[in-house]
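This briefing covers the overall dimensions of a chain and the packing of some of its helices. Please look over the sequence and the model first.

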Amino acid sequence: MDGTSAWPAMARLVRAEWTKFRSVRGWVWGSVVAALLILVFPATGLGGGPPEHLRPVPVGPDGEPVSAGYYFVHRALAGDGQITVAVSGLTSQRGADGGSVAPWAKAGLLISAGEQPGARYAAVMVTGGHGVRMQYDYLHDYAGPAVGVPPSAVRWLRLTRAGDRVTGESSVDGAQWSEVAAVQLQGLERTAEVGLFVACPARMEGLGSAVDAATASFGAPRLVGDWAAGEWSGEQRGADSASFAGLPREVSAGFAADGDGFTVTGGGDLAPATRNDLAVAATPGDLLFGTFPALIVIVVVATLTMTTEFRYRVIRSTFGVSPRRGRVLVVKAFVIGGVTFVTSLVAAVVAVPVWLRLVRGLGIFVFPAAPGALLRAEVGTAAVLAVTAVFALAVGGVLRRSATAVTVVVVATVLPHLLARVPFLPAGMARWLTEVTPAAGLAVQQTLVRYPQVDSVYTPANGYFPLSPAAGFGVLCAYAGVALALAVVLLRRRDA
């Protein structure tokens, strides 16, 4: 048969399979129910809304949630100027018993646009385990020269303001200087607060975190420029915000004169907030949680479209009309995959904006996501359901028994991700389940960003997948492709 005559035959086969599908009410209603589950299931996770008196979530200059807690010893700088200081003896509370200093404990120089959490800033700092850094506006991080100096050694830091341009430099002797980075803080007021800061994020312990605090010794600050007269003042900032984990009970934030310098103790962090930092927050992926019950329904429907024909011997008539069994299976996959994709896409495209509006109306913070990321999550969800339907159809063709095939597909696709979302499951196991099983495909719903300068609990339970959306979807497609190829081979070798 040439290509010209093959297309009409294919079209007739598609029409026949579509007619067969829509003639079975249970299959049609199953597709409708799956779409409705995507639409309405998020309501089960609202839990009556956020608790009363919920602390506000700080939002950074780019609209992202941030951690904005630190101890700040400061004075006002009117216009351009410079501050230079020696930093020594950086320790953290949980390293005081001989353990290591918290890797992201920070001590250094900072210029701030204001005291409100989320205000613009730039800082050059010594860290507990990542050397000298220049960070600004929470998202941006630059590494200084690698000189292999421990946190306990003396490091010199310099911060220079020239208009909106802020330059951070470091030195090991206070004589030879290396630039760490120069950044632009657009809209910085002429008079800004500048001074010494200390921060220490909560330390990760297993699946949770424990509050920590850092202490650093500063030499006498050297000031150049138009600085306000008077004494230095200090306070712990961000303590009333949702992303501040707190301080250990035995530690009080503060500063004290140490000769001509200061000893400063503080907690918190200046960094992007992660899901683990916020007690009550949602992601766009949470609003598609109906994908899981929808998957079960789709698996049942897709499996039955294949196994029912074997059970009632209808498959013989199908092969009698179209003897090319591989083509029949491909067309079946096209029909069930197409129906699933269209119905799921409509449901996801409606569900995400509607639930975003409702959840935000309840006062629950939702992690922001770019329009492209939201569209990818919506289209990706429909694609995952469609490919899973093809996978279930193929497994049904291999096993030929409805209950067995449904069980196998649910165990392979739904169960791994539900287990991975259990908070107390070991992180390594959770990553494995969402890397090598078909559940990896649900990485398409990920909209959270993993930041290298923030240690956190980056697990599927918190909305962070080990694979990228494209890689995770590729894993699911590989399973479906292998199952479909095996089903074609077995269909050709077995009796109908």
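This is a predicted model: local features need pLDDT of at least 70, side-chain atom pairs count only at pLDDT 80 or more; totals for chains, interfaces and linings use all residues.

Residues are numbered from 1 along each chain as its sequence is written, and side-chain values use heavy atoms, with hydrogens and water left out.

**Whole chain**

- The chain has 10 helices and 20 strands; these are DSSP runs numbered from the N terminus, helices being H or I of at least four residues and strands E of at least two.
- Its radius of gyration is 29 Å, well over the 23 Å that the globule rule gives for 496 residues, so the chain is more spread out than a compact globule (the radius is taken over C-alpha atoms, and the rule is 2.2 Å times the number of residues to the power 0.38).
- Along the principal axes, the C-alpha atoms fill a box of roughly 95 × 45 × 45 Å.
- Of the 496 residues, 52% count as buried (under 20% relative accessible area, with a 1.4 Å probe and protein chains only).
- Among contacts (heavy atoms within 4.5 Å) between residues at least 6 apart in sequence, 76% join residues at least 24 apart.

**Helices α6 and α7**

- Helix α6 (residues 371-399) packs on helix α7 (residues 402-413) at an angle of about 140°, with the axes 9 Å apart; axes are lines fitted to C-alpha atoms over the stretch in contact, and angles run from 0 to 180 degrees between N-to-C directions.
- That makes α6 oblique to α7 (angles under 35 degrees count as roughly parallel, over 145 as roughly antiparallel, 65 to 115 as roughly perpendicular and the rest as oblique).
- In α6, T388, F391, A392, V395, G396 and L399 meet T404, A405, V408, V409, A412 and T413 of α7.
- This contact has eight nonpolar, four polar and no charged residues (Ala, Val, Leu, Ile, Met, Phe, Trp, Tyr, Cys and Pro count as nonpolar, Asp, Glu, Lys and Arg as charged, and the others, Gly among them, as polar).

**Helices α3 and α7**

- Helix α3 (residues 291-311) and α7 pack at about 145°, with their axes 9 Å apart.
- From α3, V299, V300, T303, L304 and T307 meet S402, A405, V406, V409 and V410 in α7.
- By class, the contact of α3 with α7 has seven nonpolar, three polar and no charged residues.

**Residue V299**

- V299 lies in helix α3 and counts as buried at 0% relative accessibility.
- Leaving out residues up to four places away in sequence, V299 touches T388, A392, V406, V409 and V410.
- V299 and A386 are 87 residues apart in sequence and 9.8 Å apart in space, C-alpha to C-alpha.

Technical notes
Buried means under 20% relative accessible area, exposed over 50%, partly exposed in between (1.4 Å probe, protein chains only).
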